[in-house]
Amino acid sequence: MAPSIEVQLLARIDELARREGLLVAETGKARIYRDRVGGTVAWLPHGKHRTELTLIHIRIQAEARANRLHCLLLQTRDRTTPDIPSNDLGLDAALAVEYWSRLERDFFPAYLHAHRDVQSSSGRPS
C-alpha cells in the first residue's frame, strides 16, 4: 500500500529541509520549517492537507520579487496569476506531490534564495 499524500509530502519537504539546512519544529498544531535565525519559510498545519509558504518578509523588502515568486509558483502548477490571490501561497498536498519535481527544480531554489537574501540584507546571517 502506498503512503498517503500527506506522508509523501512530509517526506519530501523534510528531505528538502535537510538539504537546505532548515530547522524543523513541531508545535502540536503544525510542523514549521524555519531558517537558521528563526524566520518561517513554510509550515504544514495538522489536519489541513496542505503546505503553506510565506512571502511576508520578502514582500516587505521587495514587492516585485515577491510577486515574481508568486507567479513562478503558479506557473510551476500550470496556473495563471488571476487564479490565486497574491496572499495565497499555499499548496494542496495532492498538488504539491503531483508537481514536486517541478517545484523542487524551478520554485524552491528561487524561493529559498529570496529568504536568504532577506536575512543577509537585514544583517542576520542565515
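Colleague: Quick one on H49. Is H49 buried, exposed or partly exposed?
Modeller: H49 is partly exposed, because its relative accessible area is 44%. Keep in mind that this is a predicted model.

Colleague: Where is H49 found?
Modeller: In a loop. The loop runs between β3 (40-45) and β4 (50-53).

Colleague: And what is phi of H49?
Modeller: Near 55°. That is a positive value, and H49 is a residue other than glycine.

Colleague: New topic. How many salt bridges does a search of the whole structure find?
Modeller: The search finds 10 salt bridges. Side chains of opposite charge can pair when their charged atoms come close.

Colleague: Let's pick one. Which residue forms a salt bridge with E15?
Modeller: R18 does, and the closest N and O atoms are 3.2 Å apart.

Colleague: Where do E15 and R18 lie?
Modeller: Both lie in helix α1 (residues 5-20). They are 3 residues apart, which is about one turn of the helix.

Colleague: Is E15 buried, exposed or partly exposed?
Modeller: E15 counts as partly exposed, because its relative accessibility is 33%.

Colleague: What about R18, buried or exposed?
Modeller: R18 is exposed, with a relative accessible area of 59%. The cut-off for exposed is over 50%.

Colleague: Next, R19. Which residue does R19 form a salt bridge with?
Modeller: With E104. The closest N and O atoms of R19 and E104 are 2.5 Å apart.

Colleague: Which helices do R19 and E104 lie in?
Modeller: R19 lies in helix α1, and E104 lies in helix α5 (residues 100-121). So the pair ties together parts that are 85 residues apart in sequence.

Colleague: One more pair. What does D106 form a salt bridge with?
Modeller: With R105, and the closest N and O atoms are 2.9 Å apart.

Colleague: Why does R105 count as exposed?
Modeller: Because R105 has 54% relative accessibility, and the cut-off is over 50%. D106 has 31%, so D106 counts as partly exposed.

Colleague: Last thing. Which residues do salt bridges that share partners join into one network?
Modeller: E15, R18, R19 and E104.

Methods
Residues numbered from 1 in each chain as written. Predicted model: local features only at pLDDT ≥ 70, side-chain atom pairs only at ≥ 80, totals over all residues. Heavy atoms only, no water. Helix = DSSP H or I, 4+ residues; strand = E, 2+ residues; numbered from the N terminus. Buried < 20%, exposed > 50% of the residue type's maximum accessible area, 1.4 Å probe, protein only. Salt bridge = Lys/Arg side-chain N within 4 Å of Asp/Glu carboxyl O.
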